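Dear colleague,

I am handing over the structure below, and I would be grateful if you could look through it alongside the notes that follow.

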Amino acid sequence: MTTQERTEAAQGPRGGAGPGPALDPSLWEALRALGHPAEFVPGATILFQGSPSESMLLLEEGLATVSVTAADGAEVFLAFRGPGSLLGEFGYVDRRPRSAMVRAAVPTLCRVLPRPALDRFLGADPEAQRAVTTAVVAKMRAVTDRRVRYTQGRIGARIGRVLLDHAREFGVPGPGGSVVVDVPLAQPRIADLVGAKPRIVGLELARLQQAGLVDTGYRSSPRKLRVLDPEGLERRLAEPAH
């Protein structure tokens with residue numbers, strides 16, 4: 001897959017670049033030329049929380065997880081990032097230490113853009129600088145909005161929002177109009193996103209499965225969630241709380 005194809009994919013429902021607009025393909029290509037490739041095996045740390053923000057990365061292939069270490073030492077899952085994503089962009093912009101841990105979930109290829117080269121490039125091209133800043137600000141707003149939506153309202157609705165968002169960003173067509181959530185969205189990760197215990201998430205997923213809206217993937221290998229009826233799940237979210 002070419003760089004342009006990766007970037008265009010990130011602008012569609014399968015890209016998985018996360019909330020916020022993708023960069024223009026020509027800008028992505030120009031940024032890519034500034035850096036060097038870095039490959040990561042599954043489980044490898046791409047960015048360490050608290051480390052100096054000396055670079056920004058372009059995620060070209062694979063899948064990454066974003067998490068933070070809470071005050072009690074527990075690791076809290078925040079998001080997946082797929083091809084077309086910027087990594088470490090918040091730290092690059094505000095020059096503060098990394099605010100989160102980023103790890104490779106599968107074999108992952110990134111392009112590392114050192115700060116000096118990126119500073120020179122963006123300093124000489126105000127339009128590119130505005131585009132990168134706009135993408136960073138838009139992503140920050142979208143991430144904040146998502147965190148609010150995931151932690152307000154009844155628990156079933158919050159979980160439904162998580163499933164629909166991930167189906168839109170990482171979904172692949174399944175049988176009968178279903179959508180396979182093609183990332184490891186396990187119950188503990190959903191629990192982190194909605195601020196609930198994994199046991200509660202499991203009970204709510206069982207209710208959604210009984211209603212014919214999702215398949216929790218217990219019988220699939222590797223295990224992957226399926227949204228069986230996206231429109232039905234949307235309608236369920238719109239129903240008033242009982």
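This is a predicted model: local features need pLDDT of at least 70, side-chain atom pairs count only at pLDDT 80 or more; totals for chains, interfaces and linings use all residues.

Within α8, the residues Val201, Gly202, Glu204, Leu205 and Leu208 are buried. Seen down the helix axis, the buried residues fall within an arc of 170 degrees, so they line one face of α8, while Arg199 and Gln210 are exposed on the other side. The buried residues pack against α6 (155–170), α7 (187–194), β11 (214–215) and α9 (230–238). After the helix comes Gly212, which has a positive phi, near 75 degrees.

Leu208 also belongs to the largest nonpolar core, which has 29 residues, and together with Ile159, Leu163, Leu185 and Ile190 it touches the most other members. Two or more residues of this core are given by each of β5 (75–81), α6, β10 (179–181), α7, α8 and α9, with α6 contributing the largest share, 8 residues. Leaving aside residues up to four places away in sequence, Leu208 touches Ile159, Leu163, Leu213, Val214, Leu233 and Arg236.

There is also a second, separate core of 16 residues, and among its members are Met56, Tyr92, Leu113 and Leu122.

With best regards

Terms used:
Residues are numbered from 1 along each chain as its sequence is written. Side-chain values use heavy atoms; hydrogens and water are left out. Buried means under 20% relative accessible area, exposed over 50%, partly exposed in between (1.4 Å probe, protein chains only). Helices (H or I, at least four residues) and strands (E, at least two) are DSSP runs, numbered from the N terminus. The arc is that of the directions from the helix axis to the C-beta atoms. Contact means heavy atoms within 4.5 Å. A nonpolar core is a set of buried Ala, Val, Leu, Ile, Met, Phe, Trp, Tyr and Cys residues joined through side-chain atoms within 4.5 Å.
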